[in-house]
Amino acid sequence: MMAHATIYVGCTVPQLLRGAQSRIFPSHSPLGVLRHSAFCYCTGNGTIKSKRKMDHLERTANNFRQEVITQAKVCGITNESETVKRLRLAIANKDFTFKAGQWVDFFIPGVSVVGGFSICSSPGLLEREGILELAVKHTAHPPAHWIHTECTLDSEVALRVGDLHGYQEGKGNRHKLGTAKLYYSAKNTSELLFKKNILGLMKAFPGKIWCCFHVTQQRSQICKELQPHITEGRISEKDLEKHVSNDTSWYICGPPPMIESISKLLTNIGVPRNRVFFEKWW
């Protein structure tokens with residue numbers, strides 16, 4: 001299971017946005033059109049108010065963010081599955097950087113709601129080609145809906161990296177490379193995104209990277225390449241209990257009901273709460 005450890009720091013979205021406004025959104029800048037998107041949640045007294053379900057900016061209000069907001073242009077759109085599009089973005093700012101596992105605030109001109117999407121490409125691709133990629137599932141949420149229904153090649157957006165570990169940089173907090181075991185569940189094999197990449201990593205790093213794919217509503221025949229790695233049905237207590245040890249950390253990523261279910265399951269098999277990490281930002 002994959003996700004990010006949640007770390008809270010004392011810096012809020014309104015403070016960041018106000019502090020960065022004069023530097024990042026000058027009136028003559030093309031990014032000026034994004035002001036409304038970036039500031040729509042801040043009231044006169046600097047608080048965030050809402051009469052609706054929390055959205056991305058509100059859920060992540062206490063998470064660290066880099067100050068750099070950069071313009072980006074859509075240079076590629078592909079269908080990863082029937083419900084997921086991969087967005088390829090050309091980054092204009094050479095100072096824009098990120099680390100594996102980070103996410104971005106996604107500002108769209110004319111759309112008041114700010115999106116939050118995990119980065120699915122490597123930092124190396126950005127360094128080599130100036131490209132960043134996002135994989136976005138179709139939902140009614142305005143940023144995701146825009147990507148699936150209105151976004152075209154050359155559409156312009158703006159990005160800012162959200163960083164849950166930013167304040168720890170330089171403190172020598174390094175993890176020794178061990179093994180990674182991934183349980184990846186989806187409705188069917190067509191919704192198992194990046195499965196070929198994962199299989200490739202398993203072959204490239206035998207004994208270090210391992211994956212078991214789960215499908216819950218498979219209707220078609222599973223291809224021979226995937227068959228050895230597929231289990232039908234949900235991830236179960238029996239699947240996970242064999243991996244319990246004192247030095248194992250557990251990372252969960254998925255919708256809130258799935259996170260709650262897996263968290264309870266891990267508690268039942270004796271995993272300490274301080275070894276389980278996840279985010280709920282939907």
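**Ground rules**

I am working from a predicted model, in which local features need pLDDT of at least 70, side-chain atom pairs count only at pLDDT 80 or more, and totals for chains, interfaces and linings use all residues. I number residues from 1 along each chain as its sequence is written, and side-chain values use heavy atoms, with hydrogens and water left out.

**The chain as a whole**

I looked up the secondary structure and found 8 helices and 11 strands. These are DSSP runs numbered from the N terminus: helices are H or I of at least four residues, strands are E of at least two. Of the 282 residues, 43% are buried. Buried means under 20% relative accessible area, exposed means over 50%, and partly exposed lies in between, with a 1.4 Å probe and protein chains only.

I also noted an accessible surface of about 15,900 Å², with 52% of that belonging to carbon and sulfur atoms. The areas come from the Shrake-Rupley method with a 1.4 Å probe, and for residues only the protein chains shown count as cover. I then took contacts between residues at least 6 apart in sequence: 67% of them join residues at least 24 apart. A contact here is heavy atoms within 4.5 Å.

In what order do the 6 strands of the open sheet lie? I read 4-3-6-1-2-5, with antiparallel pairing. Two strands pair if DSSP finds at least two bridges between them. Strand 4 and strand 5 are the edge strands, each pairing on one side only. The twist averages 40° from one strand to the next; for such angles, axes are lines fitted to C-alpha atoms, for helices over the stretch in contact, and values run from 0 to 180 degrees between N-to-C directions.

I followed strand 2 in both directions. On one side, 7 bridges join strand 2 to strand 1 (residues 65-79), running antiparallel, and a hairpin of 4 residues links the two. Ala 72 faces Ile 91 of strand 2 there. Strand 2 also pairs with strand 5 over 7 bridges, again antiparallel, and Leu 89 has Leu 132 as its bridge partner in strand 5. Strand 2 is mostly covered, with 6 of its 8 residues buried.

What does helix 5 lie across? I found strand 2, strand 3, strand 4, strand 5 and strand 6 under it, with the helix running at about 105° to strand 5. Pro 143, Ala 144, Trp 146, Ile 147 and His 148 of helix 5 (residues 142-149) are buried.

The largest nonpolar core has 24 residues, and Leu 89, Phe 106, Leu 132, Leu 134 and Leu 159 touch the most other members. Such a core is a set of buried Ala, Val, Leu, Ile, Met, Phe, Trp, Tyr and Cys residues joined through side-chain atoms within 4.5 Å. Strand 1, strand 2, strand 3, strand 5, helix 5 and strand 6 each give two or more residues to this core. A second, separate core of 15 residues includes Tyr 184, Ala 186, Leu 192 and Cys 211.

I counted 7 bridges between strand 7 and strand 8 (residues 209-215), with Leu 182 opposite Cys 211.

I checked Cys 75 and found it partly exposed at 38% relative accessibility; Cys 253 is partly exposed at 42%.

Last, I looked for positive phi values in residues other than glycine. Asp 154 has phi near 80° and sits in the loop between helix 5 and strand 6, where Asp 154 counts as exposed because its relative accessibility is 54%. Phe 194 has phi near 60° and lies in the loop between strand 7 and helix 6; at 22%, Phe 194 is partly exposed.
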